[in-house]
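User: I would like to go through this model and ask, term by term, what each label rests on. Please set each value against its criterion before drawing a conclusion.

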Amino acid sequence: MSNAVGAVIVAAGRGTRMGTAESKQYLLLRGKPIVVHTLEAFQRHERISEIILVTGEGEVERCKEWVQAYGLTKVAAVLPGGSERQHSVHRGLKALGTEWVMVHDGVRPFVEAAQIDACFLEAQRTGASVLAVPVKDTIKQVDGGVVVSTPDRSSLWAIQTPQTFRLSELLAAYESAEREGFVGTDDSSVAERSGIRVAVVEGSYANIKITTPEDLDFAEFTSKPSGERTS
Ligand SMILES: Nc1ccn([C@@H]2O[C@H](COP(=O)(O)OP(=O)(O)OP(=O)(O)O)[C@@H](O)[C@H]2O)c(=O)n1
Ligand SMILES: C[C@](O)(CO)[C@H](O)COP(=O)(O)O
């Protein structure tokens, strides 16, 4: 089988924490939908041969139009997602035909080419990898408004995307999770429970997931999405 690398970009969430009428992935950032910035980062990357975009059920046609309008020629399919991120990823995985898959949030437009490379190369070396950054704050476990414990920060990382796997292994893990009713918040947690060892690659604090309104301020006023950078 070839060493081809595909990407599943998930953008079927509702963005309830953002609180806007329009789902956050379709909001304009520097005049372009956020999800288009994200797609451009993968479209431009020489390693990526194919992209599956997973969107809201009622947004498939609009997204197909953007795929045409923005020249996103690597997008092989635009599919409706499911009720949880995990269901949306699963639908995307089933539509992909490459050896490797990089799963990425449609609302992380600041991912850089070097980070995509580093994540892929580590997965190729070890089997699976995620981008992440060490947590900067002290983290406490809280119950009923009261501190229960203070875990040692030196072993805590904030996990990002992309997350890279052999497609066949991740699909098997997703199928097992579905059979057993497990729902996790990222792809690594699905893989971990199937015994896949996942390596951590240090990414960047700028690779934020646009989640709440202050993230939009960061997005507008700090660095440019990676698709717009010249270097
Ligand atoms: N059913 C879902 C839920 C989430 N996502 C995608 O997963 C990524 C990360 O999810 P998150 O930031 O939690 O997005 P939302 O679920 O939209 O946000 P919220 O939890 O605030 O509603 C986003 O690109 C989102 O569109 C998805 O494809 N399908
Ligand atoms: C996959 C992820 O981006 C890792 O941080 C994240 O878990 C997905 O979004 P959510 O906010 O946890 O639903």
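Predicted model: local features only at pLDDT ≥ 70, side-chain atom pairs only at ≥ 80, totals over all residues.

User: Which residues surround ligand 2, and what makes them count as its shell?

Analyst: The criterion is a C-beta atom, placed from the backbone, within 6 Å of the molecule. Those around ligand 2 are Arg 85, Asp 105, Ile 159, Gln 160, Thr 161, Thr 185, Asp 186 and Lys 209. Strand E10 gives the most to this shell, with 3 residues.

User: What makes the peptide bond from Thr 161 to Pro 162 stand out?

Analyst: That bond is cis, with omega near 10 degrees, and Pro 162 has its place in strand E10.

User: How is the shell around ligand 1 made up by class, and which residues come nearest?

Analyst: Of the 21 residues around ligand 1, the nearest are Val 10, Ala 12, Gly 13, Arg 17 and Ser 88. By class, this shell holds 5 nonpolar, 10 polar and 6 charged residues, and strand E1 (5–11) and helix H3 (85–95) each supply at least two of its members.

User: Which residues of H4 are buried, and why can they be said to share one side?

Analyst: Buried requires 20 or more other C-beta atoms within 10 Å, and in H4 the label applies to Gln 115, Ile 116, Cys 119, Phe 120 and Ala 123. They cover an arc of only 130 degrees around the axis, and therefore lie on the same side of H4. In general, an α-helix has 3.6 residues a turn, so residues three or four places apart point the same way. The cover over the buried residues of H4 includes E1, strand E6 (100–105), strand E7 (128–134), E10 and strand E11 (199–202), whereas the face turned away from the buried side carries the exposed residues Ala 114 and Arg 125.

User: Why is Arg 30 called partly exposed?

Analyst: Arg 30 has 13 other C-beta atoms within 10 Å; exposed would require 12 or fewer and buried 20 or more, so Arg 30 falls in between. Arg 30 also has a positive phi of about 50 degrees although it is not a glycine, and its place is in the loop between strand E2 (28–29) and strand E3 (32–33).

Notes: Residues numbered from 1 in each chain as written. Chains lettered and ligands numbered in written order. Helix = DSSP H or I, 4+ residues; strand = E, 2+ residues; numbered from the N terminus. Nonpolar A, V, L, I, M, F, W, Y, C, P; charged D, E, K, R; others polar. Arc of directions from axis to C-beta. Contact = placed C-beta atoms within 7 Å.
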